[in-house]
Amino acid sequence: NSAKNLKTSLEQQKSALASLKGQLSTMTAEYQKTGQKHKDLVSQYEKEKAKLEEIGRTLGTSSKEYKEQQNVVTNLAQEVAKSEKAYDAQGRALNDMKIKTANAETQCNKTAQSIDKLGEEAEETGEQAKSSGGGFTVMKGILSNLASSAITACVDGLKNLGLKIVDIGKQSYQAYSEY
């Protein structure tokens, strides 16, 4: 039964990991889109700035056209700054997500190893119990201790993973909503 609980925990971890990988994939795609939008914006800003300089040369810096173009350039400069900030924030959130996904994968592997180890220890314990003549009761006691410590480690890992998913969700939402 304890081994069954451990396997259930592993399934939950695998499910959480799949969810993290899905979020990571979505965030990567969003980050690429934001990067392209930022590039386009910078390019537009450069064009409008060149146009402003051209107007300054041909019509003069005190002309109505120059002042209008100056407003366009100023507004675009603010957009570029905002875009860069959002792109940087998304980059940081994406890196966090990569780390959290890697940690979740490590946690899953540890749980899987605990299950394997539990199986090996159960076999060894069975052999020891037979040779000591204590029979099944000794083995059952040792097994339940092994399993409960493995489950505790697994559940702690899941709790941490759950918190990390919530954290990264908040961070990535803030990064997107700023832009």
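This note sets out numbered points on the predicted model shown above.

1. Basis of the note. The model is predicted: local features require pLDDT of at least 70, side-chain atom pairs count only at pLDDT 80 or more, and totals for chains, interfaces and linings use all residues. Residues are numbered from 1 along each chain as its sequence is written, and side-chain values use heavy atoms, with hydrogens and water left out.

2. Overall architecture. The secondary structure comprises three helices and zero strands, and from the N terminus the order of elements is α-α-α. Helices (H or I, at least four residues) and strands (E, at least two) are DSSP runs, numbered from the N terminus. Among the helices are H1, spanning 2-58, and H2, spanning 64-132.

3. Burial and surface. Of the 179 residues in the protein, 31% are buried. Buried here denotes under 20% relative accessible area, exposed over 50%, and partly exposed the range in between (1.4 Å probe, protein chains only). The protein exposes about 11300 Å², of which carbon and sulfur atoms supply 52%. These areas come from the Shrake-Rupley method with a 1.4 Å probe; for residues, only the protein chains shown count as cover.

4. Contact range. Among contacts with a separation of 6 or more, 84% join residues 24 or more positions apart. A contact requires heavy atoms within 4.5 Å.

5. The largest nonpolar core. Nine residues form this core: Leu17, Leu20, Leu24, Met27, Ala93, Leu94, Met97, Ala104 and Cys108. Helices H1 and H2 each supply at least two of its residues, and H2 provides the largest share, with five. A second, separate core has eight residues, including Leu41, Tyr66, Leu76 and Val80. By definition, a nonpolar core is a set of buried Ala, Val, Leu, Ile, Met, Phe, Trp, Tyr and Cys residues joined through side-chain atoms within 4.5 Å.

6. Surroundings of Leu17 and Thr101. With residues up to four places away in sequence left out, Leu17 touches Thr101, Ala104, Glu105 and Cys108. Thr101 belongs to helix H2 and is buried, at 5% relative accessibility. On the same exclusion of residues up to four places away in sequence, Thr101 touches Leu17, Leu20, Lys21 and Leu24.

7. Ala16 and Ala104. Ala16 is located in helix H1 and is buried, with a relative accessible area of 16%. Between Ala16 and Ala104 the C-alpha to C-alpha distance is 8.0 Å, although the two are 88 residues apart in sequence.

8. The aromatic pair. How many aromatic pairs does a search of the whole structure find? The search finds one. The ring centres of Tyr31 and Tyr87 are 4.6 Å apart and their planes lie at 10 degrees, so the pair is classed as stacked. The criterion is that rings of Phe, Tyr and Trp (its six-membered ring) pair if their centres lie within 6.5 Å; planes under 30 degrees apart count as stacked, over 60 as edge-to-face and the rest as tilted. Because Tyr31 lies in helix H1 and Tyr87 in helix H2, the pair ties together parts that are 56 residues apart in sequence. Tyr31 is partly exposed at 23% relative accessibility, and Tyr87 is partly exposed at 24%.

9. Side chains of opposite charge can pair when their charged atoms come close. The structure holds five salt bridges, each defined by a side-chain nitrogen of Lys or Arg within 4 Å of a carboxyl oxygen of Asp or Glu. One of them joins Glu105 and Lys21, at 3.2 Å from N to O. Glu105 lies in helix H2 and Lys21 in helix H1, so this pair ties together parts that are 84 residues apart in sequence. Both residues are partly exposed: Glu105 has a relative accessible area of 32%, and Lys21 has one of 40%.

10. Salt bridges within a helix. Glu30 forms a salt bridge with Lys33, with the closest N and O atoms 3.6 Å apart. These two residues are three residues apart in helix H1, and about one helical turn separates them. Glu30 is partly exposed, at 28% relative accessible area. In helix H2, Glu79 and Lys82 are likewise three residues apart, separated by about one helical turn; the closest N and O atoms of their salt bridge are 3.6 Å apart. Glu79 is partly exposed at 33%, and Lys82 is partly exposed at 46%.
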